[in-house]
Amino acid sequence: MSILNKKTIRNGSDRMNEKMEEKIENDYHGFFLGNNIKEPVGNLNERWTDVPADVWQKPIHDAWRHLLFSGMPDAGSPLFLDKIWEASVEVLGGLEVSVIVDANDRLFMNSGSPGLVDYGGVMVSGMKLPLKSWIHTHPFGVAFWSGTDRRTLRTWRPILNQAIVLGGEERLIWEKKQGREVMTKIVETDKFPLN
């Protein structure tokens, strides 16, 4: 390969890396700082609810503290996930909730609209990577990866160990296990039709 070709390839690679860094920065800014807001003014959580954050977040914090003190800080624990779901559908009346567990087991939370949640208006400085888990709700009751969810997962895949979407009696879990990625869907029901 000639020097010209190596230089051309290196320049192309540099441009591709710059584009990737710009995309990550834009996705980071959109998810955490809320530039993808579809409505005219203010943060989603401020526009959709007047329930103070400390009111709906307290049961989630309490459940997480219980798991930490018991020595089993598992973000996939039903105790923890149930408190997130309850905040979303009972306390906030059907608004999406997002919870991030960072590498130091600190929680970062926000609420949004019935169909979107970001981190606009939430202090995320000091968040330690890699992220242990990102959990969010679909209060209309279906656990699936929306287009926004898939973009977020693709962007954060290198620094995220687990993602969970809650939808009523459904949980969709993406996680890294033993160098592989595993996707699991859990559906709870009184009785499955087997015919």
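A salt bridge here is a side-chain nitrogen of Lys or Arg within 4 Å of a carboxyl oxygen of Asp or Glu. By this rule, the chain has 8 salt bridges. The model is predicted, so to speak for its limits: local features need pLDDT of at least 70, side-chain atom pairs count only at pLDDT 80 or more, and totals for chains, interfaces and linings use all residues. Residues are numbered from 1 along each chain as its sequence is written, and side-chain values use heavy atoms, with hydrogens and water left out.

**Figure 1. The whole chain.** Let us start with the overview. The chain holds 5 helices and 6 strands, where helices (H or I, at least four residues) and strands (E, at least two) are DSSP runs numbered from the N terminus. Along the sequence they follow the pattern α-α-α-α-β-β-β-α-β-β-β. Of the 195 residues, 39% are buried; buried means under 20% relative accessible area, exposed over 50%, and partly exposed in between (1.4 Å probe, protein chains only). The chain exposes about 11500 Å², and carbon and sulfur atoms supply 55% of this area. Accessible areas come from the Shrake-Rupley method with a 1.4 Å probe, and for residues only the protein chains shown count as cover. Among contacts (heavy atoms within 4.5 Å) between residues at least 6 apart in sequence, 55% join residues at least 24 apart.

Figure 2. Strands S1 (residues 97-101) and S2 (residues 107-111) run antiparallel and are joined by 5 bridges. Two strands pair if DSSP finds at least two bridges between them.

Figure 3. In S1, 5 of the 5 residues are buried. Val97, Val99 and Val101 lie on one side of S1, with Ser98 and Ile100 on the other. S2 is mostly covered as well, with 5 of its 5 residues buried. Leu107, Met109 and Ser111 point one way from S2, while Phe108 and Asn110 point the other way.

**Figure 4. Helix H4 and what covers it.** H4 (residues 78-91) has 14 residues and reaches 18 Å from its first C-alpha to its last, close to the expected 20 Å. That expected span is 1.5 Å times one less than the number of residues in the helix. Its buried residues are Phe80, Leu81, Ile84, Trp85, Ala87 and Ser88. Their cover includes helix H3 (53-69), S1, S2, S3, strand S4 (162-167) and strand S5 (170-177). Just after H4, glycine 93 takes a positive phi of about 65°.

Figure 5. Side chains of opposite charge can pair when their charged atoms come close. Lysine 83 is partly exposed at 27% relative accessibility, and glutamate 86 is partly exposed at 28%. In H3, aspartate 62 and arginine 65 are likewise 3 residues apart, about one turn of the helix, and their side chains meet in a salt bridge (2.8 Å, N to O). Aspartate 62 is partly exposed, with a relative accessible area of 31%, and arginine 65 counts as partly exposed at 38%.

**Figure 6. A salt bridge between two loops.** Aspartate 105 forms a salt bridge with lysine 132, and their closest N and O atoms are 2.7 Å apart. This pair links distant parts of the chain: aspartate 105 sits in the loop between S1 and S2, and lysine 132, 27 residues apart from it, in the loop between S2 and S3. Aspartate 105 counts as buried because its relative accessibility is 18%, whereas lysine 132 is partly exposed at 33%.
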